[in-house]
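Welcome! Please take a moment to look over the sequence and the structure before reading on.

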Amino acid sequence: MASSAKLGASQQPPQPAAAPVPAKKIHYPFWFGGSASCFAAAVTHPLDLVKVRLQTRGPGAPTSMVGTFGHVIKTDGFRGLYSGLSAAILRQMTYSTTRFGIYEELKNYFTTPGSTPGFLTLIGIACTSGLIGGFAGNPADVLNVRMQSDAALPAAQRRNYRHALHGLVEMTRTEGAASLFRGVWPNSTRAVLMTASQLASYDTFKKLCIDSFGMADNLATHFSASLMAGFVATTVCSPVDVIKTRVMTASSAHAHAHGILGLLRDITRQEGLAWAFRGWVPSFIRLGPHTIATFIFLEEHKKLYRWVKGVSSADEKR
């Protein structure tokens, strides 16, 4: 009887393995990227201001980052380092919210449980979102550049915008609505390059850190991936960034008379090809921390959102 029972037990069909729990696909709010970028801009604004001053410096102005910092503090006080902060925040609310939001929406669309979009797909998504973001953020970007460079101009040429909204009204009233989109093409080109080299490279470096180097999805990984993304973005965007700054600070008459090609010809004749990387060091010193801060704030936004929804990062990736 006992052996018969054992035989019957051994002949029982094997129990099917438990089906794997599907990964939970989380749809993060559209505004997370813009919010994270606003926090980052508040931290790194003085570095951005110094970069603009170096790119637009005139004869006799300091030629180094440290010298420009000292000159700004000496002439305008410590608060001078935050000139144009309202325009910088407005820029992040328009430009970064748009590009990050569209990027995440498209990435979410092309993501399936257990797999993520490939590098070329990420590049295409980033270029699309960057182009739209460049158009959306151009008015605030013009204001941001003008307000940061205003104090470096002779007193008679200063625009003296009190804040971003005052600048929008004054520009529209005195120069027409078209002035809000001055430099939109170099700016949108920069936005495409920035988004592709920053967002797509961050996702790629983050995946590399986790899959190839065995790093956990934590602060150290976010810092490493965003630092490398900042280096790539600074190098790729430097030439277009210089052109964008020169076009946006030019007067209406000068901008119409020369155009972008004329501007390129003039600065190449006067400065050689070195103009393409003028301000690279302050650009990296500004963009590196800004990229790191943006992605760390963004990851913390997502972490908090997952906590509220009761989903862990492991559940999302499984």
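## Overall fold

Please keep in mind that this is a predicted model. The chain has 11 helices and zero strands.

## Inside and surface

The chain counts 318 residues, and 45% of them are buried.

## Aromatic rings

How many aromatic pairs does the structure hold? There are 13 of them. A pair of aromatic rings is described by two things, the distance of the centres and the angle of the planes.

One of the pairs joins Trp31 and Phe32, at 4.9 Å centre to centre with 80° between the planes, and is edge-to-face. Phe32 has a relative accessibility of 6%, and buried means under 20%, so Phe32 counts as buried. Both Trp31 and Phe32 belong to a cluster linked by ring pairs, together with Tyr28 and Tyr305.

## A second pair to look at

Tyr109 and Phe110 also form a pair: their ring centres lie 5.1 Å apart. Their planes meet at 90°, so this pair is edge-to-face. Is Tyr109 buried or exposed? Its relative accessibility is 64%, so Tyr109 counts as exposed. Phe110, at 44% relative accessibility, counts as partly exposed.

Key:
Residues are numbered from 1 along each chain as its sequence is written. This is a predicted model: local features need pLDDT of at least 70, side-chain atom pairs count only at pLDDT 80 or more; totals for chains, interfaces and linings use all residues. Side-chain values use heavy atoms; hydrogens and water are left out. Helices (H or I, at least four residues) and strands (E, at least two) are DSSP runs, numbered from the N terminus. Buried means under 20% relative accessible area, exposed over 50%, partly exposed in between (1.4 Å probe, protein chains only). Rings of Phe, Tyr and Trp (its six-membered ring) pair if their centres lie within 6.5 Å; planes under 30 degrees apart count as stacked, over 60 as edge-to-face and the rest as tilted.
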